[in-house]
Amino acid sequence: MKLKSKKFWIMILIGIIFAIFIILLKSDCLKNNQLRTKIEDKKTTISDLEIYYQTAGDPKNPAIVFLHGWGARQKNICGKGKERVIADLAKNFRVISPELPGLVRSEPPKTIWNIENYANFLNEFLKKLEIKNPIIMGQSFGGGI
């Protein structure tokens, strides 16, 4: 009896996932939220860690460094995500957005880091990219840094 019950719930879960996918496709959520702003993917090495970051906007504009939170994803989904924030900020700023160590695509630290370690990472990142006097903006965990 338990085996049939387990299979039943697995089939229900698969059905729900399929229904959500169909709803997203019908709402054109996945198609109509393409970003028009050019966001460049780059990478560098900071403290022996491979770090990815994104840039957007006119280099003549004031620099803003956007630090994402723990929930950041690599891609913009349905108009939500760090890329949407980067695109919106790029209208008025030169945006530089590091993917924090251990999150998204960046390599994780070799030891457990505290907030001070992340702040030191940010200082090294700014020095390496020669970003002087930027505005620092953080969301969630990024705000804590």
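Trainee: What percentage of the contacts in the protein chain with a separation of 6 or more is accounted for by residues 24 or more positions apart?

Mentor: Such residues account for 69% of those contacts, a contact being heavy atoms within 4.5 Å. Please note that this is a predicted model, in which local features need pLDDT of at least 70 and side-chain atom pairs count only at pLDDT 80 or more, while totals for chains, interfaces and linings use all residues. Residues are numbered from 1 along each chain as its sequence is written, and side-chain values use heavy atoms, with hydrogens and water left out.

Trainee: What makes up the secondary structure of the protein chain?

Mentor: It comprises four helices and five strands. These are DSSP runs numbered from the N terminus (helices: H or I, at least four residues; strands: E, at least two). Read from the N terminus, the order is α-β-β-β-α-β-α-β-α.

Trainee: How do you know that strands S1 and S2 are joined, and how many bridges are there?

Mentor: DSSP must find at least two bridges between two strands for them to pair. Strand S1 (residues 40–46) and strand S2 (residues 49–56) have seven, and they run antiparallel. Threonine 45, for instance, stands opposite glutamate 50 in S2. Two residues separate S1 from S2 in this hairpin, and serine 47 in the turn has a positive phi of about 50°.

Trainee: Why is the pair of tryptophan 113 and phenylalanine 121 called tilted?

Mentor: The structure holds six aromatic pairs. In this one the ring centres are 6.3 Å apart and the planes make an angle of 45°. Rings of Phe, Tyr and Trp (its six-membered ring) pair if their centres lie within 6.5 Å; planes under 30 degrees apart are stacked, over 60 edge-to-face, and the rest tilted. The angle of 45° therefore places tryptophan 113 and phenylalanine 121 in the tilted class. Phenylalanine 121 also pairs with phenylalanine 125: the centres are 6.0 Å apart and the planes stand at 35°, so this pair is tilted too.

Trainee: What separates phenylalanine 121 from phenylalanine 125 in helix H3?

Mentor: They are four residues apart in H3 (residues 115–128), which means about one helical turn between them. Both belong to one aromatic cluster, formed by Tyr53, Trp70, Trp113, Tyr118, Phe121, Phe125 and Phe141.

Trainee: Why does phenylalanine 121 count as buried?

Mentor: Its relative accessibility is 1%, and buried means under 20% relative accessible area, exposed over 50%, and partly exposed in between (1.4 Å probe, protein chains only). Phenylalanine 125, at 0%, is buried as well. Tryptophan 113, at 21%, is partly exposed. Over the 145 residues of the protein chain, 30% count as buried.

Trainee: How do you know that glutamate 50 and lysine 43 form a salt bridge?

Mentor: The term requires a side-chain nitrogen of Lys or Arg within 4 Å of a carboxyl oxygen of Asp or Glu. The closest N and O atoms of glutamate 50 and lysine 43 are 3.5 Å apart, so the pair qualifies. Glutamate 50, at 33% relative accessibility, is partly exposed, and lysine 43 is partly exposed at 48%. The whole structure contains six salt bridges.

Trainee: What makes the salt bridge of aspartate 41 and arginine 105 a link between distant parts of the chain?

Mentor: The closest N and O atoms of aspartate 41 and arginine 105 lie 2.9 Å apart. Aspartate 41 is in strand S1, whereas arginine 105 is in the loop between strand S4 (94–98) and H3, 64 residues apart. Aspartate 41 is partly exposed at 44%, and arginine 105 is partly exposed at 22%.

Trainee: What do glutamate 99 and lysine 82 tie together?

Mentor: Their side chains meet in a salt bridge at 3.1 Å, N to O. Glutamate 99 lies in the loop between S4 and H3 and lysine 82 in helix H2 (residues 82–89), so parts that are 17 residues apart in sequence are tied together. Glutamate 99 is buried at 1%, and lysine 82 is buried at 5%. Salt bridges with shared partners join Asp41, Lys82, Glu99 and Arg105 into one network.

Trainee: What makes up the nonpolar patch on the surface?

Mentor: Phe8, Trp9, Ile12, Ile16 and Ile20 form the patch, with about 510 Å² of accessible area together. Patch residues need over 30% relative accessible area and no salt bridge; like charges are joined within 9 Å, and nonpolar side chains (Val, Leu, Ile, Met, Phe, Trp, Tyr) within 5 Å. Phenylalanine 8, in helix H1 (residues 2–26), is partly exposed at 46%.

Technical notes. Areas by Shrake-Rupley, 256 points an atom, 1.4 Å probe, with all protein chains shown as cover.
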